[in-house]
Amino acid sequence: GFMKKLIISTAFILFASSNTFSQTNSSEVTQELYDLGIIDSSGKYINTELAAEYFTQATEMLSKSLPVKVNKNIEIYSALMTPYYSNYAYKINFDLNQSQKNIVVQELLSEDSIKEMCDEMFNQQIFWANDHHMNLRYMDKNYKTIVDVVLNTKTCKTDVPSTLKSKNISL
């Protein structure tokens, strides 16, 4: 490997674990990845081996701090990050009947909600430049999937995302 041990910045861990990705953190992370020779000035990976190592270590560090409460009702249960794919699993910590689950699905898949998630989580130079695929899985108290929200260059570009898959509801 190019580097034996990468030092993952606090900025990256905050960036990856916060529900609302702050622009300050994202620009610090972009700068860090650039300084490490992982991305070029456009945000595209120029060293995928090092990028993979960086995201592996970031995932390991983040996993040690999980679960993390987003608010009193939702926690980030698990996270996986790679250069081209990331998956965040959220657990809703209260009982939901089927009609409430349907409402959660409709809310999360709404145009406004998708736009907000794109703005807060996906609209980073590095994700766009590398055609990143982000999956946000929402589960009930019993770890059953309620819905997967997909953020990528297609869903974050269109008004009504068509590549979203959901369970237990027909939209």
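What follows is a short chat about this predicted model.

Me: How many helices and strands does the protein have?
Reply: The secondary structure comes to 6 helices and 5 strands.

Me: And what pattern do they follow along the sequence?
Reply: Reading along the sequence, you get α-α-α-β-β-β-α-α-α-β-β.

Me: OK, the inside now. How many residues are in the largest nonpolar core?
Reply: That core has 39 residues. Ile38, Leu136, Val149 and Leu151 have the most contacts inside it.

Me: Which helix gives the most to this core?
Reply: Helix H3, residues 48–64, with 6 residues.

Me: Back to Leu151. What does Leu151 touch, not counting residues up to four places away in sequence?
Reply: Quite a list: Met117, Cys118, Met121, Phe122, His132, His133, Met134, Leu136 and Cys156.

Me: Where does Asn135 lie?
Reply: Asn135 is in strand S4, which covers residues 133–139.

Me: Is Asn135 buried or exposed?
Reply: Asn135 is buried, because its relative accessible area is 4%, and the cut-off for buried is under 20%.

Me: Which side chain does Asn135 pair up with in a polar contact?
Reply: The side chain of Asp148, at 3.3 Å.

Me: Zooming out, what share of the protein is buried?
Reply: Buried residues make up 46% of the 171 residues.

Me: And the accessible surface, what does that come to?
Reply: About 9100 Å², with 52% of it belonging to carbon and sulfur atoms.

Me: Last one: among contacts between residues at least 6 apart in sequence, what share join residues at least 24 apart?
Reply: For this protein, 53% of those contacts do.

Terms used
Residues are numbered from 1 along each chain as its sequence is written. This is a predicted model: local features need pLDDT of at least 70, side-chain atom pairs count only at pLDDT 80 or more; totals for chains, interfaces and linings use all residues. Side-chain values use heavy atoms; hydrogens and water are left out. A nonpolar core is a set of buried Ala, Val, Leu, Ile, Met, Phe, Trp, Tyr and Cys residues joined through side-chain atoms within 4.5 Å. Buried means under 20% relative accessible area, exposed over 50%, partly exposed in between (1.4 Å probe, protein chains only). Helices (H or I, at least four residues) and strands (E, at least two) are DSSP runs, numbered from the N terminus. Contact means heavy atoms within 4.5 Å. A polar contact is a pair of N or O atoms within 3.5 Å; within protein, one must be able to donate a hydrogen and the other to accept it, and residues adjacent in sequence count only if both atoms are side-chain atoms. Accessible areas come from the Shrake-Rupley method with a 1.4 Å probe; for residues, only the protein chains shown count as cover.
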